[in-house]
Amino acid sequence: MNEKQLTTDARGHQLTNINVWTPDSQWLVYDVRPHGGSFTGSTIERVNVKTGETEVLYRAGENAHVGVVTVSPVQPARYAFIHGPENPDARWQYDFHHRRGVIVSEPQRAQAVTLDAMDITAPFTPGALRGGTHVHVFSPDGSRLSFTYNDHVLHELNPALDLRNVGVALSGHPVMPPKHHPREYDGSHFSVLVSETTSHPRPGSDDINRAYEEGWIGLEGYVKTGGSRQRWALAFIGDTLSASGEKHPEIFVVDLPEDDADYLKAGGKPLQGTPDTLPAPPSGVKQRRITFTEKGVAAQPRHWLRSSPDGSQIAFLMKDEKDVVQFWSVSPNGGKPVQISHSASGIQSAFSWSPDGKSVVLVCDNSVMRLDVESGEMLRLTGRTEIAPCADAVVYSPDGSQIAFMRQVGEFAQIFVTASR
């Protein structure tokens, strides 16, 4: 069927699960994994979907590694990605709590600007973080980014206290902490955590010990039950404990401030955290649980919550009554989840929405498929193969005409595209 292989060189090529296309739908951005799945690449690159031309957008130095790149949805293109520590040593190597976000912008690309400031020396600085950020995703207007986070300070105190959380980085508010440690640095954005976790969730409660796989809700937020619009919100998966004490992933939403100044105001706990507590959400930010399912959100395949463009549906994967993984959606206002797919073989990958909100693309039955979200019908876009396309990323282009995905070709993952119809 109509698919095109874009990369062929003997390296692993990794697409992120969202925002991998430049806004003009002409280029795909990726990182390079020389040794398969290990995070050992030193370049961020892009490939032209028409010509196959490749360009290096950024090359790391001083033995640092880079990866997991996304693009701003508006021009001029900006590329956000993970940057590992320069000159890593025995005490400070790449890890969940030892990495940062950086942004490279068109047209210069010469310098990677650090996104999230680092301050690991008490007293800490509001707007700076004390650890590592991951999967930096621009909001639909490009004004802020979401990320997941792990904390160096608490990891040093007790690794069990270093819980995965979700945060937001706000542009226009640079942070310059005092530098008392050689690994501390400034950031171009004001960064805060917006989720709340606890190392000891109460069984049967809404407490969570992990927040992850987040997604922005709507191009312009969503409409609340009463008819007002919530401009900024994130959905994420939170790990609760069932009444019997078993992990039970559910969907949570945090409504975020509309006024940028409110991100700078502390709530009941310090934005910057303390030596024995995590950074806390800004004033007025409160998470709420919106699903109460029997089976919980599917752990495999790994996927990220993705909202329809109008914000009315949060999509996720969950097993049906036959224990087959299906595509579901739920309103950000809560309510009963709706099963959309009814595949006999089950969904095999992460997914993305079409720009018009009428369909999603994903892997099912070892093919890239387009799922009509109203009818539940699936259309096969690539031929069925013995080995399924890679599960990490199946991403619509901004103009809706193409789908980017990966296949394992021999030892390495390569980038492919196919038409959406």
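Which strand holds F147? In this predicted model, F147 belongs to strand β11, which spans residues 144-151. With a relative accessible area of 1%, F147 falls under the 20% limit and is therefore buried. S397 stands 250 residues from F147 along the chain, and the C-alpha atoms of the two are separated by 22 Å.

**Overall architecture**

The secondary structure of the protein comprises 30 strands and 1 helix. For 421 residues the globule rule gives 22 Å, and the radius of gyration of the protein is close to this at 21 Å, so the protein is as compact as a globular protein of that length. Taken along the principal axes, the box filled by the C-alpha atoms is roughly 60 × 50 × 40 Å.

Of the 421 residues, 59% are buried. When contacts between residues at least 6 apart in sequence are considered, 54% of them join residues at least 24 apart.

**Aromatic pairs**

A pair of aromatic rings is described by the distance of the centres and the angle of the planes. The structure contains 7 aromatic pairs, and two of them are set out below.

| Pair | Centre to centre | Angle between planes | Geometry |
|---|---|---|---|
| W216 and W232 | 5.9 Å | 70 degrees | edge-to-face |
| F405 and F416 | 5.7 Å | 25 degrees | stacked |

The tryptophan pair links distant parts of the chain, with W216 in strand β14 (residues 211-216) and W232 in strand β17 (residues 232-241), 16 residues apart. The angle between the planes of W216 and W232 is 70 degrees, and an angle over 60 degrees counts as edge-to-face. Both W216 and W232 are buried.

For the phenylalanine pair, the planes of F405 and F416 meet at 25 degrees, which is under the 30 degrees required, so the pair is stacked. F405 is part of strand β29 (residues 402-409) and F416 is part of strand β30 (residues 412-419), so their pairing ties together parts that are 11 residues apart in sequence. F405 is buried, and F416 is buried as well.

Aromatic residues are also grouped in a cluster: F327, F351 and W353 together form one.

How values were computed: Residues are numbered from 1 along each chain as its sequence is written. This is a predicted model: local features need pLDDT of at least 70, side-chain atom pairs count only at pLDDT 80 or more; totals for chains, interfaces and linings use all residues. Side-chain values use heavy atoms; hydrogens and water are left out. Helices (H or I, at least four residues) and strands (E, at least two) are DSSP runs, numbered from the N terminus. The radius of gyration is taken over C-alpha atoms; the globule rule is 2.2 Å times the number of residues to the power 0.38. Buried means under 20% relative accessible area, exposed over 50%, partly exposed in between (1.4 Å probe, protein chains only). Contact means heavy atoms within 4.5 Å. Rings of Phe, Tyr and Trp (its six-membered ring) pair if their centres lie within 6.5 Å; planes under 30 degrees apart count as stacked, over 60 as edge-to-face and the rest as tilted.
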